[in-house]
Amino acid sequence: MRKKASAWLALALGVGMALSGCSSSNSSSDHAKQGSQKAGEKLEIFSWWTGAGEEDGLKALIKLFQEKYPDIKVENAAVAGGAGTNAKAVLASRMQGNDPPSTFQVHGGAELNEGWVAAGKMEPLNDLYEKEGWMDKFPKALIDMVSKDGNIYSVPVNIHRGNVLWYNKKVFADNGLQPPKTFDEFFQVADKLKAKGITPLALGDKEPWAATHLFENVLLGTLGTENYKKLWTGELSFNDPQVKQAVETFKKMLGYINEDHSSRNWQDAAQLVAEGKAAMYVMGDWVKGYFVNDLKLKVNQDFGYVPVPNTEGKFMVITDTFGLPKGVKNPDDVKKFLSVLGSVEGQDAFNPLKGSIPARIDADPSKYDEYGKQTMQDFKTAELAPSLAHGSAAPEGFVTKVNQAVNIFVTQKDVKTFIDTLASAAAELKK
Ligand code: GAL
């Protein structure tokens, strides 16, 4: 995120912090608390990776860590709920109560920098990066996403791609269809599928972020990378006609989804595509982990993937990172865990199972399947765009408001009200 962005997003912190319930007043007392490390303290790893498609990578990483450090007791403190729906609330109250987990999952970008770092809750990790020789092992763009005012605050374990359209190969072949590259093609394909009684597009927005995920991809496909990014720097207004066009396209897409979308989570919606009840699904590539590990589907046989229409050459970046909160009792153990998480071995244990690609540039491509290899390649050349639904583009408070507005829009489909709500949430951020 550029300078101007951080400036107005920093101002927005008040909103974000009020909503996430943390305060920015106690960094010095936290400092005092962080004395020398106590022996036998357990290493509590906090995330939302539990259950189908989510936890395999984490378990592999913890196993690797335990092999290297058998004497450190690990507690996998995961709180269920896609995209941190529940975990983030639990984390906020623990942080507010000065009871941080040893380390926690946080998205690179605004969620980390304008949230926990701006609130004075994180220790800088520059020394760890130097010691491990990481400065040229992670892409600069990624280090920037986990840095604020010259300090680095977390270690990225992965890069997920958000702008993927997953499709059921058999349904497409049986109906003589090609995966759509543009929104026009999407609607042509969708009409044909609908005529055959097949749900064209799966959605599972029981947790509203899943609909925001679809919307942000339509925004990227409609506005292009530069203008999409300008929405988060305040340089482009939500009242811009291009945003209206994106909202209209999003609305039209909602005419092709499964009726029971609001009672399904992201895995339940993915199942519709796996079973051939729905043909397409816009979701991040954690879906690949779910399809392959849990549903035993085969890449490029049972399911295919293309960039979301109009987003070829673009990459919606989602990065899960872990840092060192101030005030933890076992900072040395946390750093040991972060060293393993940031190592080639750690990344190559985690990512092939998670569906993501390694955050490091020197990981071993042979450990990844066709999808992973292709995505590693695409990441090198694509235009990178920060995800809103997954914390990089704007602070948590704003994301919460967008999720609420999208959730209402999915049922009411009132374009004007939706845009007005987005515009006023953004205006509040700028104040
Ligand atoms: C994202 C996260 C991914 C995945 C997904 C679904 O926010 O970055 O790692 O867990 O949520 O829960």
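User: In this predicted model, is helix H14 (residues 286-294) mostly covered or mostly open?

Analyst: A residue counts as buried when its relative accessible area is under 20%, and by that cut-off 7 of the 9 residues in H14 are buried, so the helix is mostly covered.

User: Which residues of H14 are buried?

Analyst: As a general idea, an α-helix has 3.6 residues a turn, so residues three or four places apart point the same way. In H14 the buried residues are Trp286, Val287, Lys288, Gly289, Tyr290, Phe291 and Asn293.

User: What backbone feature is found just after H14, and where does Asn300 lie?

Analyst: Just after the helix, Lys296 takes a positive phi of about 60°. Asn300, which is placed in the loop between H14 and strand E11 (303-307), has a positive phi of about 65° although it is not a glycine, and with a relative accessible area of 29% it is partly exposed.

User: Where does Asn98 lie, in terms of H5 and strand E3?

Analyst: Asn98 lies in the loop between H5 and strand E3 (103-107), and this residue, although not a glycine, has a positive phi of about 50°. Its relative accessibility is 28%, so Asn98 counts as partly exposed.

User: Within helix H5 itself, is Ala92 buried or exposed?

Analyst: Ala92, which is found in helix H5 (residues 87-96), has a relative accessibility of 4% and therefore counts as buried. Between Ala92 and Trp116 there are 24 residues in sequence, and the C-alpha to C-alpha distance is 9.4 Å.

User: How many helices and strands does the protein have, and why can it be called as compact as a globular protein of its length?

Analyst: The secondary structure comprises 19 helices and 14 strands. The radius of gyration is 21 Å, close to the 22 Å that the globule rule gives for 431 residues, so the protein is as compact as a globular protein of that length. Buried residues make up 59% of the 431 residues, and among contacts with a separation of 6 or more, 78% join residues 24 or more positions apart.

User: Where is the pLDDT below 50?

Analyst: Where pLDDT is low, the predicted coordinates should not be read in detail. The mean pLDDT of the protein is 92, and 90% of its residues reach 70 or more, but over residues 1-35 the value is below 50, even though this stretch has 70 contacts in the model beyond near neighbours in sequence.

Technical notes. Residues numbered from 1 in each chain as written. Predicted model: local features only at pLDDT ≥ 70, side-chain atom pairs only at ≥ 80, totals over all residues. Heavy atoms only, no water. Helix = DSSP H or I, 4+ residues; strand = E, 2+ residues; numbered from the N terminus. Rg over C-alpha atoms; globule rule 2.2 N^0.38 Å. Buried < 20%, exposed > 50% of the residue type's maximum accessible area, 1.4 Å probe, protein only. Contact = heavy atoms within 4.5 Å. pLDDT = per-residue confidence, 0-100.
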